[in-house]
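Please consult the sequence and the model while reading.

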Amino acid sequence: LGVGTSLIVLNVANPDLPVVVGRTNTLPDSIYGVAVSGSYAYVADYYGGMRVVNIANPAEPVEVGDIYTIGAANGVAVAGSYAYVADSASGLRVIDVSNPQRPQEVGSYDTPGEAWDVTVVGTYAYVPDRAGGMRVINVSDPQNPKEVGHFDAPSNAYGVEVAGNYAYVVASYSGLRV
């Protein structure tokens, strides 16, 4: 859970009473998104870029790597050895995290507006774009992401989740679109 400039680790074994078990030291900026893969949490840290936090010991999460992005990191998703960062005005950034201590950008796709979130399913990244609806980007070649489709939302798109054959897009002023 991102709370201000700290990543908080919660024990949710009892969903009625989540308990804080650990927290990071202060990160450079406000946390806008978190994705977990294995023993690492990948944090979209707005102007602080993407931070990598080792959560192997949930009571003592420790930042182990970072990469500054061109824009403001608003959202992050992880699939395999890649992290995908929704990076505001600079679009989608593809980061190789095979070495979590040294994340490296390997590709990017500049969306028409501001990228606010990202969900990755298979070889596609779904990116809500504040001025352009939702972009569908083929990331099968991480060094050369290519847009293959889009959905024009009637207002700014800020969030997306994909389940089965459906994308659930949150857009300001027009609510949830399926």
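Is Glu 147 buried, partly exposed or exposed? Glu 147 counts as partly exposed because its relative accessibility is 25%; buried means under 20% relative accessible area, exposed over 50%, and partly exposed in between, with a 1.4 Å probe and protein chains only.

The model is predicted: local features need pLDDT of at least 70, side-chain atom pairs count only at pLDDT 80 or more, and totals for chains, interfaces and linings use all residues. Residues are numbered from 1 along each chain as its sequence is written, and side-chain values use heavy atoms, with hydrogens and water left out.

**Sheet**

- An open, antiparallel sheet is built from four strands in the order E4-E5-E6-E7; strands (E, at least two residues) are DSSP runs numbered from the N terminus, and two strands pair if DSSP finds at least two bridges between them.
- Strand E4 (33-37) and strand E7 (62-67) are the edge strands, each pairing on one side only.
- On average, neighbouring strands of this sheet are turned by 25° against each other, direction ignored; the axes are lines fitted to C-alpha atoms, and angles run from 0 to 180 degrees between N-to-C directions.
- Strand E5 (residues 40-44) runs antiparallel to strand E6 (residues 50-54), and five bridges join them.
- Within this pairing, Tyr 40 stands opposite Asn 54 in E6.

**Salt bridges in the whole structure**

- Five salt bridges are found in a search of the whole structure; the term requires a side-chain nitrogen of Lys or Arg within 4 Å of a carboxyl oxygen of Asp or Glu.

**Asp 66 and Arg 51**

- Asp 66 forms a salt bridge with Arg 51, with 3.7 Å between the closest N and O atoms.
- This pair links distant parts of the chain, since Asp 66 is in strand E7 and Arg 51 in strand E6, 15 residues apart.
- Asp 66 is partly exposed at 32% relative accessibility, whereas Arg 51 is buried at 6%.
- A network of salt bridges links Arg 51, Glu 63 and Asp 66.

**Glu 105 and Arg 93**

- The closest N and O atoms of the salt bridge between Glu 105 and Arg 93 are 2.8 Å apart.
- Glu 105 belongs to strand E11 (residues 104-109) and Arg 93 to strand E10 (residues 92-96), 12 residues apart.
- Glu 105 is partly exposed at 33%, and Arg 93 is buried at 7% relative accessibility.

**Glu 147 and Arg 135**

- Glu 147 and Arg 135 meet through their side chains in a salt bridge of 3.1 Å, N to O.
- Because Glu 147 lies in strand E15 (residues 146-151) and Arg 135 in strand E14 (residues 133-138), the pair ties together parts 12 residues apart in sequence.
- Arg 135 counts as buried at 9% relative accessibility.
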